[in-house]
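Hi,

Here is the structure I said I would pass on.

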Amino acid sequence: MQCTFLGTGNAMATRCYNTCFALRDGDKTLLVDGGGGSGILAQLERAGIDMADIHDIVVTHKHIDHLLGVIWMVRCIARQMGRGAYPGEARIHAHDEGITLISVLCRSLLDPGETRFLGGRIHLIPVADGETREILGRPFTFFDIHSVKAKQFGFVMADAKDRRLVCCGDEPCRPPAEKYARGADWLLHEAFCLEAEAERFRPAEKHHSTVKNACELAAALGVRHLVLYHTEDSDLARRKARYAAEGKCYYAGDLHVPDDLETLSL
């Protein structure tokens with residue numbers, strides 16, 4: 001399986017796209033979040049991902065930098081369905097509040113020809129805390145990250161060898177959710193900025209982590225591979241090197257700081 005990071009920036013990033021990614025297994029693709037708008041369409045095109053291969057979308061929470069791109073996905077998938085260019089069905093998985101909001105936004109903003117597939121070939125599927133569903137032929141267990149801002153779910157994906165990929169959304173993995181991340185093979189975790197630049201970016205005020213915070217947590221939880229994303233975008237040319245240098249002071253595992261459109265083999 002491969003993970004392509006369509007965007008790696010925080011909500012206000014302008015030099016890279018908002019954080020979202022695609023998990024690809026052969027001709028099957030899962031999109032996790034959609035970023036803040038129609039830019040998701042360009043990122044998929046640049047990544048060489050055919051929208052007709054995306055049949056599952058997971059939405060972690062309702063913030064506009066994660067949700068609005070999903071509305072564009074619904075619009076484009078519906079148009080492809082109308083032209084006979086999209087085979088099968090599409091499924092959008094989110095907690096109950098997210099599903100309600102997606103439904104309201106789609107029915108309020110899209111044309112009737114685009115919403116006619118909702119509830120038919122485009123399924124809005126609510127998931128509960130601790131619930132396991134099969135996606136991409138693998139078990140996905142959803143969990144509440146106990147956000148202090150908006151209800152948000154992460155997930156654990158396991159394979160046949162019980163290797164686990166854990167996505168914690170875009171806030172720190174808090175103690176109630178640590179049981180899901182402990183011993184993970186891959187942990188996808190936000191890191192708003194360097195610890196050395198915390199005074200400048202003030203991540204704690206936004207309920208985010210520094211690189212140091214995320215790396216110390218991954219070390220404590222025994223994570224094998226750590227991916228840092230949802231960052232500020234002031235120095236993208238040097239972000240990978242600077243974040244990796246600070247991270248290695250606190251985490252001895254395999255550390256990745258991907259750029260937009262970078263792909264990791266899991």
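The largest cavity holds about 50 Å³ of space. A cavity here is a set of points, on a 1 Å grid over the protein atoms alone, where a 1.4 Å probe fits but cannot get out. Grid points are joined across faces, edges and corners, and the volume is the space filled by probe spheres set on the points. With a cut-off of 30 Å³ or more, the count is one cavity. Its lining is made up of Thr19, Cys20, Phe21, Val32, Asp33, His66, Cys167, Gly169, Asp170 and Tyr229, where lining residues have an atom within 4 Å of a point. Sorted by class, that lining has five nonpolar, three polar and two charged residues. For the classes, Ala, Val, Leu, Ile, Met, Phe, Trp, Tyr, Cys and Pro count as nonpolar, Asp, Glu, Lys and Arg as charged, and the others, Gly among them, as polar.

Before you read on, two caveats. This is a predicted model, so local features need pLDDT of at least 70 and side-chain atom pairs count only at pLDDT 80 or more, while totals for chains, interfaces and linings use all residues. Residues are numbered from 1 along each chain as its sequence is written, and side-chain values use heavy atoms, with hydrogens and water left out.

Now the pocket, meaning an open set of points with protein on both sides within 12 Å along at least five of seven lines. The largest pocket has about 200 Å³ of space. Around it you will find Met1, Arg138, Met157, Asp159, Arg163, Arg164, Leu165, Asp185, Trp186, Arg224, His225 and Leu266. That lining splits into six charged, five nonpolar and one polar.

On to the sheets. Strands (E, at least two residues) and helices (H or I, at least four) are DSSP runs numbered from the N terminus, and two strands pair if DSSP finds at least two bridges between them. Contact means heavy atoms within 4.5 Å; angles run from 0 to 180 degrees between N-to-C directions, with axes as lines fitted to C-alpha atoms, for helices over the stretch in contact.

Ile40, Leu41 and Leu44 of helix 1 meet Gly69, Trp72, Met73 and Cys76 of helix 2. By class, this contact has six nonpolar, one polar and no charged residues.

The other open sheet runs 7-8-9-10-11-12-13, again seven strands with mixed pairing. Its edges are strand 7 and strand 13 (254-256). Strand 7 (residues 132-135) pairs antiparallel with strand 8 (residues 138-144) over four bridges, and the two form a hairpin with two residues between them, where Leu136 has a positive phi of about 55°. Strand 11 (residues 186-190) and strand 12 (residues 225-229) pair in the parallel sense over five bridges, with Trp186 bridged to His225.

Cheers
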